[in-house]
Amino acid sequence: MQYVPEPPLGILPLFLCTDLKYGILDPTQWPQLYTPEYEFLCTLRRRPTCPHPRYPSCIWWKPQQATDFCVVEGSVFKSLGLISTQSLAPLRQAVNDLVPEIADYVNKVGRDERLARFQAEMLAAADRLVFFPSTFRDALFQVVQVQRFWLMARAVLDYHAVFTAPHKDKTGIIPNDIEHGWMGAFCADPTLVQKLLDARIPVWHVRPRIPVTGLVVQAEVPLRQPDQEDVATKPLDPDSPPLYSGAAGPHHLQLVCFRTPTYLDLSGSPLLVSHGPQPYPKAYSAVAADKVAPSGSSRAEKRSNTKQKRSKQLPYAKPHPSTIRGRDKFMELPHKWMPPALPAWQQAMESTDRTAPAKHPTELWGYWVPEPALLVGPVADERTERYIMNWLRMRPAWLYLLRAPRQSVPLVSAQWWRDYLNGLNTPSNPQNPTRTAQRREKIAKVFSGVLDMKDYQEGDGGVSWFSHHFKRLDHALCPLILWEVFELGFRYELLALDRVLVPAHGTRRVDVEREREHLLSLVFADRSLYALERLPTTPAGLAAPVPQARVRCLEALRQVELRWPLCPEVIAEASPLTISSSAVEIESLEREISAFYVHTFYAYSGRAPLVPHALPSSLYPSQCRP
C-alpha cells in the first residue's frame, strides 16, 4: 500500500458527528481493526474516484435542502417535507437492484442474520423517505441510513464472493495487485494479514513497538489523517455523552453496524412525558374469571390470579354513570361520514364491563389522534369541515411527533384537540394579539423540543393528503379520512398497550422494541405500524369482508395477545388460524380476540379504544386509489 491510515487504537469516544456518521470509528468511512464477527467490513467500498457499475454514485450522494426537499403542502409546520421523488429515484433503484442479489445469495449460501438485518433496515429507511414527512435533517439522516445499510449488505456479498473465488491465476501465481476500492482493515495476526493480502484486500499489519535487528528501512510513510471534508469528526451534539467510550473493536462495531435510530429531531417533547415515575400510569391488572376488570373492582382484584377461560361477549348491566362523560364512546356515533363498524369489534365494545366506577380523570389515557367522533361532532357542517381540514393540516407534524422512541401516554387533552380543531391555526387577528399568542403557546407546549416554532405557519390554504390536494374539503373523501383516523388510533393504542403488558427492560431493550414493532406490524395488511403508507384500494386485513382473508392479520393479533398476562384459554389453546379454517371457526375466535383486546385496553386506560372499522364501500375501488 502506498499510504498508511491512522489506526483507531486506544480508548476512543464514539459520537454521531455533524455529517450524521461516526467519524474514524465508522467502518463505512475508515478502516477498522479486523474483527471475526465483522469480517466483511474490510470489503466495504470506498467512495470511488470514477464511476463504478456496481457502486452507483447515489450511495455517497448528499441531498440539498434547496433543490431536493419538498415541503408538505398545507402543513402547519413549514419545516416538514419529503425528498423529491426525482431526487430519490437513483437511490431507490440501487436498493431495488440489491434486493434480488441478496435473495440469490440466500438461496445459494443460506440465511445470514446480519445480512437479513441490513436488508430490513435499508428497506425500512427507504420507505420512511418516501412515505413519512420529516424535517430536512431527519430526511438526510434517513438517506445516510439507506446508504449505510446498502454498503453493509453489499460488503457481505462481496466478502463471500472474494473468498469463494479462486485467488490464483492460470499459472498458479497469486496476483499481488491490491483492490484499492475496498476499505481494508488493520490486523495484528500475520496469518490473517496474509489471507487478506492473498484476497487482494488492503491490510495494514499492526505490531508492538519493538526493535527489529537487521531491518533496512528504505522510507517512512507518515500516517494519513482523515480529510475533514470527507470524514467529519466534530460531534453533532457536543454536550451529549458519547454513545460508547472504550477500546475500538467488537463493542463499538456492534453499535455502529446495528444502531438504528429512526429520527434525530424527535428528542423530548412534553407530549411524551410520562405521568409519573412509571412509563405509564399505574393500571389495574386484575382479571376476573369471566372478564377483564376495570379499575375500582375489588372483587376482581381478589381473584387476580384466576385463569380466564374466555372474554365476556354479552352486554353487562347498565354502565356506572361515571363511565359516561358526555356521549357514550362505546357506542357508534351515527353520521353520514362515519365508516361502518366491524361486527366482532362492535360486539366487543358493547360487551365491556363498565359497572364499576370510572377512573379519576387524571388517570385516563389520552388520545394519540383526535377521536373520529370529535371531528364530526359539531352540528354545523361548516364547523365539521373546519375540524377535518385543521386535522389534515396538523396531520404531518402529528404523525412525525408520534414516531418518537419510548413514547408515553400523551398528555394532550380532548379539550386541546377541540380548541385546535375549532380554529387554533386560523389566520391571526391583528386586532387580538393576545389570542394569537395564546394559540402559539398551546401549539408550542406540544411541539417544543421537536419542531421550531419559527417554522409554524397559520393559514387556511390548501392541504395535501396522500395523493389528494384540495383547498376546500372534498366531502366524498371524508369517510375515508375518518377511517384512517380509526386506523391510526388503533395502531398506536395497540403499541402502547403491548408496551405496558410486555415491558422491555435491561440491555436487550432496543432488540425487544424492534421485535415488538415487527410482531405488531404483522397485524396490519400493509405491515406498517406507525402510519399508512398508501390508501387501500379494497378492504383488507382485519376489515376484509371474507373471513379467510382476515386470517393472516387475526392470527398475528392472536400471537400478540398470547404474550399478554391472563390471555383467555380459548385464545391460548386455539389452533392457529389458516385459510383452510372454516368461517365459523374464524369468526368465533375473532370475537374472542377482539373482546380480549377491547376489555384489556379499557381496564388499563380507563376509556374506550379506537378500533378497526370497515373501509367505506362507496369509495373503493376507484375513488380511493392513492
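Reader: Over the ring of which residue does the charged end of Arg491 sit?
Author: This is a predicted model, in which local features need pLDDT of at least 70 and side-chain atom pairs count only at pLDDT 80 or more, while totals for chains, interfaces and linings use all residues. Residues are numbered from 1 along each chain as its sequence is written, and side-chain values use heavy atoms, with hydrogens and water left out. A charge sits over a ring if NZ of Lys or CZ of Arg is within 6 Å of the ring centre and within 35 degrees of the ring normal. The charged end of Arg491 lies 4.3 Å from the centre of the ring in question, that of Phe524.

Reader: Which residue forms a salt bridge with Arg395?
Author: Arg395 lies over the face of Phe466, at 4.9 Å from the ring centre. A salt bridge (a side-chain nitrogen of Lys or Arg within 4 Å of a carboxyl oxygen of Asp or Glu) is also formed by Arg395, with closest N and O atoms 2.7 Å apart, and its partner is Glu484.

Reader: How many residues apart in sequence are the parts that Arg395 and Glu484 tie together?
Author: Arg395 and Glu484 are both buried, where buried means under 20% relative accessible area, exposed over 50% and partly exposed in between, with a 1.4 Å probe and protein chains only. Helices (H or I, at least four residues) and strands (E, at least two) are DSSP runs, numbered from the N terminus. Since Arg395 belongs to helix α10 (residues 381-402) and Glu484 to helix α13 (residues 478-501), the parts tied together are apart in sequence by 89 residues.

Reader: Which residues are linked with Arg499 in a network of salt bridges?
Author: Arg499 forms a salt bridge with Glu513, their closest N and O atoms being 3.2 Å apart. Glu513 lies in helix α14 (residues 509-521) and Arg499 in helix α13, so this pair ties together parts that are 14 residues apart in sequence. Both Glu513 and Arg499 are buried. The network links Arg499 with Asp498, Glu513, Arg516 and Arg563.

Reader: Is Arg154 buried or exposed?
Author: Arg154 forms a salt bridge with Asp158, with closest N and O atoms 3.3 Å apart, and the two lie four residues apart in helix α4, about one turn of the helix. With a relative accessible area of 4%, Arg154 is buried.

Reader: How do the rings of Phe69 and Phe136 pair, and what is the angle between their planes?
Author: Rings of Phe, Tyr and Trp (its six-membered ring) pair if their centres lie within 6.5 Å, and planes under 30 degrees apart count as stacked, over 60 as edge-to-face and the rest as tilted; by this rule the count comes to 23 aromatic pairs. The centres of Phe69 and Phe136 lie 5.5 Å apart, and the pair is edge-to-face because the planes are at 75 degrees.

Reader: Which helix holds Phe601, the partner of Trp365?
Author: The rings of Trp365 and Phe601 have centres 5.5 Å apart and planes at 90 degrees, so this pair is edge-to-face. Both residues, Trp365 and Phe601, are buried, and both belong to a cluster linked by ring pairs, whose members include Trp345, Phe490 and Phe524. Trp365 lies in the loop between α8 (343-350) and α9 (372-375), so the pair ties together parts that are 236 residues apart in sequence, the helix of Phe601 being α17 (residues 583-605).
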